[in-house]
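Today I'm going through the salt bridges.

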Amino acid sequence: MKLSDSVSKLKGIGEKTSALFGKVGVFSLWDLLLYVPRDFMRYPEITTADSIQFGSTVAVELTLQTEASLVHASRLSILSCSASDHTASLRLVWFNMPYIKKTLHAGMTRIFYGKVGMYRNLLVLEHPKMFTREEYCKMLGVLEPIYPVTHGLTTDRVKKTIRAAMDEVFPIEDYLPRDEVARLGIMTLTEAIRILHSPAHEDVMRKARKRIAFDEYLAFLLSVKSMKEENNRSKNCFPMNESKSARLIVERLPYKLTGAQARTYEEILKDMAGERAMNRLVQGDVGSGKTIVALLAMVTAAEYGYQSALMAPTEVLAAQHASKIKDMLEEYGLDYGVELLSGSLTAKQKREAKKRIADGECRIIVGTQALIQDGVEFSSLALVVTDEQHRFGVRQRETLAMKADTDGQNGNIPHVLVMSATPIPRTLAIILYGDLDISVMDELPSVRLPIKNCVVGVNSRKKSYEFIAEQVEMGHQAYVICPQVEASDMSESENVTDYTEKLKGVYGSKIRVEMLHGKMKPKEKNDIMQRFAAHEIDVLVSTTVVEVGVDVPNATVMMIENAEKFGLAQLHQIRGRVGRGSAQGYCIFLNTSKSKEDNKRLKILNGTNDGFKIASEDLKLRGPGDFFGIRQSGEMDFRVADIYNDADMLKKASEYVKVIDEQSIRALNEFTSVDSHAQNITL
Ligand code: ADP
Ligand code: MG
């Protein structure tokens with residue numbers, strides 16, 4: 001079998017299972033091998049019967065004192081047995097597992113591994129598994145992978161399927177020559193993948209991860225490199241100077257541009273007037289005011305009679321941009337034609353919109369990247385702006401690919417402006433965005449009051465609701481973020497659907513509560529967002545679809561349920577939705593976990609509003625259990641690589657990319673092209 005073969009080719013994988021795998025983004029065997037565990041479970045050290053605590057999972061060496069007794073109570077069968085070590089005695093219970101009885105004999109000594117529960121007011125071991133001391137010691141220290149799963153697909157199933165895939169395709173031919181692998185001090189691919197799924201301990205795990213990160217970076221850097229070469233040749237086909245309209249807007253804005261905004265705007269103007277096409281990354285923390293800077297560039301292009309395309313990562317954000325730009329241009333009497341390419345358009349509307357774009361009737365086109373790249377023909381595209389470009393890897397490649405596409409259309413390469421709020425160190429940004437010039441907007445508008453934060457536990461929920469009600473009474477609005485769309489049996493975290501109902505119940509009719517999540521139809525989403533922006537909704541219960549870019553300055557409270565489930569950098573993005581106007585903004589992080597670490601991590605957000613500082617603190621505090629966890633919550637498009645943790649691999653890859661030979665490139669391409677399928681999946 002080949003890596004690119006579908007998982008359905010594996011023995012025992014039918015249509016149903018392969019559809020389940022598809023649901024989690026696994027299509028090919030390669031996808032499967034790179035389906036990394038979300039966490040690892042470890043068997044605990046052996047302890048004594050007197051030191052166990054309710055709720056924990058323990059291993060105790062016990063001798064059975066009696067024969068096991070089996071009783072039936074209605075539909076339940078209860079098997080129980082008394083056991084002890086030299087410190088205390090303890091009851092073992094199994095519900096509805098009568099067949100265990102024949103494996104138990106009075107006087108036998110085993111390691112019992114299970115959860116400490118309560119039965120008839122006594123601490124008991126529930127459904128313990130039995131091992132000999134020798135067996136158990138072998139498992140000690142071994143990390144058992146736990147995979148991200150979906151309803152119907154268990155970790156066990158994933159594990160077995162991965163093992164089957166390994167049997168089929170191992171050893172994988174490494175595109176890196178052996179001596180290079182040794183020189184770079186990384187593992188072979190086969191070794192790395194094997195360890196990824198069954199690491200002996202954390203250190204090797206980390207090393208295995210590094211190897212995959214290296215591959216991901218290398219593939220990415222190669223594409224950047226080829227774009228860069230292409231770009232060096234692209235001269236400025238759309239030279240422009242600052243337009244009258246842009247100057248007019250700057251003069252009449254209700255606020256003064258910050259120093260950083262003015263500087264960035266200058267840099268953009270210089271680029272657009274220069275010898276070569278602009279290729280600039282604007283990095284600025286949430287709320288630093290990137291939109292207006294981009295808009296000024298678009299207005300300038302429009303005055304020259306050219307078109308600009310503004311691409312956003314979500315429909316919600318694209319719709320918001322379009323409506324704000326429309327309002328603004330109208331206010332200043334500028335008639336450039338703004339077109340929103342939205343997923344909620346009917347086929348006919350889409351056709352008409354595309355026609356207006358092709359005819360040059362409109363000069364500012366807004367949409368998601370997918371929509372704009374979906375065969376749109378421009379009459380004179382001079383500027384491509386990508387907003388909230390914080391998904392590295394693939395997204396950037398798409399932006400660049402778009403450039404190449406348009407190049408194919410009329411031979412003129414447009415200016416490119418990329419805006420990102422991801423706080424990555426400049427040195428890394430230079431490598432990652434090797435082909436871009438960088439402007440850093442390190443200043444927030446001074447009219448802003450810093451957001452007031454608090455981390456609270458579940459018993460402060462009621463108080464939080466009251467606080468939101470007060471703010472609503474004062475004419476403000478609020479967001480409540482839940483990690484899930486609907487209830488699931490996999491997790492106990494709050495979900496938007498039930499929560500909205502609950503909150504409607506709490507508030508009654510005087511506060512208007514609505515919900516927003518990614519599974520709603522584009523039209524519904526736009527509708528809700530528009531109504532929220534127009535203050536027809538007071539409290540918006542939402543998933544993280546509002547995470548990026550959404551700008552409703554009248555919203556002052558952000559309450560985040562299960563805050564411990566999110567990465568700090570992501571929480572920082574989410575909280576950036578409030579405190580955007582002149583009124584005081586508040587963020588309530590509701591921590592439902594009892595762990596001290598979680599609390600400590602969340603407290604960092606209390607201490608600072610500086611995105612960069614937060615990201616690096618987050619990294620320091622992440623324990624070994626978070627190998628992959630947090631970053632995967634949607635910030636990066638790399639499956640494994642992490643900008644902070646794997647900075648070393650990024651550097652290695654960036655050096656290697658300079659010396660890599662043609663043959664390896666071809667092998668690598670073959671290798672990475674198999675995963676293109678999964679890369680199209682977004683949250
Ligand atoms: P981001 O950088 O996160 O994309 P936005 O461009 O959405 O930020 O700007 C956030 C809010 O700040 C908007 O409501 C915008 O009108 C406002 N804003 C932008 N620049 C300034 C400024 N110089 N002074 C005051 N408010 C500003
Ligand atoms: Mg923005």
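Below are my notes on a few of the charged pairs, taken one by one.

Entry 1. I'm working on a predicted model. I searched the whole structure for salt bridges and got 26.

Entry 2. I started with a pair inside a helix. Glu180 and Arg183 join their side chains in a salt bridge, N to O at 3.0 Å. I checked where they sit: both are in helix α5 (residues 178–184), three residues apart, so about one turn of the helix. Then I looked up how accessible each one is. Glu180 comes out buried, because its relative accessibility is 17% and the cut-off for buried is under 20%. Arg183 is exposed at 54%.

Entry 3. Next I looked at Arg356 and its partner, Glu339. Their closest N and O atoms are 2.7 Å apart, and I have them down as a salt bridge. This pair links distant parts of the chain, with Arg356 in helix α12 (residues 347–359) and Glu339 in strand β12 (residues 338–341), 17 residues apart. Arg356 is partly exposed, at 29% relative accessible area. Glu339 is buried, at 10% relative accessibility.

Entry 4. Then I went to Asp551 and Arg580, whose side chains form a salt bridge at 2.5 Å, N to O. Both are in loops: Asp551 between β20 (539–542) and β21 (555–560), Arg580 between α19 (568–575) and β22 (586–590). They are 29 residues apart, and I noted this pair too as linking distant parts of the chain. Arg580 counts as buried, with 17% relative accessibility.

Entry 5. Last, I found a network of salt bridges that links Arg209, Lys210, Asp646 and Asp648.

Terms used. Residues numbered from 1 in each chain as written. Chains lettered and ligands numbered in written order. Predicted model: local features only at pLDDT ≥ 70, side-chain atom pairs only at ≥ 80, totals over all residues. Heavy atoms only, no water. Salt bridge = Lys/Arg side-chain N within 4 Å of Asp/Glu carboxyl O. Helix = DSSP H or I, 4+ residues; strand = E, 2+ residues; numbered from the N terminus. Buried < 20%, exposed > 50% of the residue type's maximum accessible area, 1.4 Å probe, protein only.
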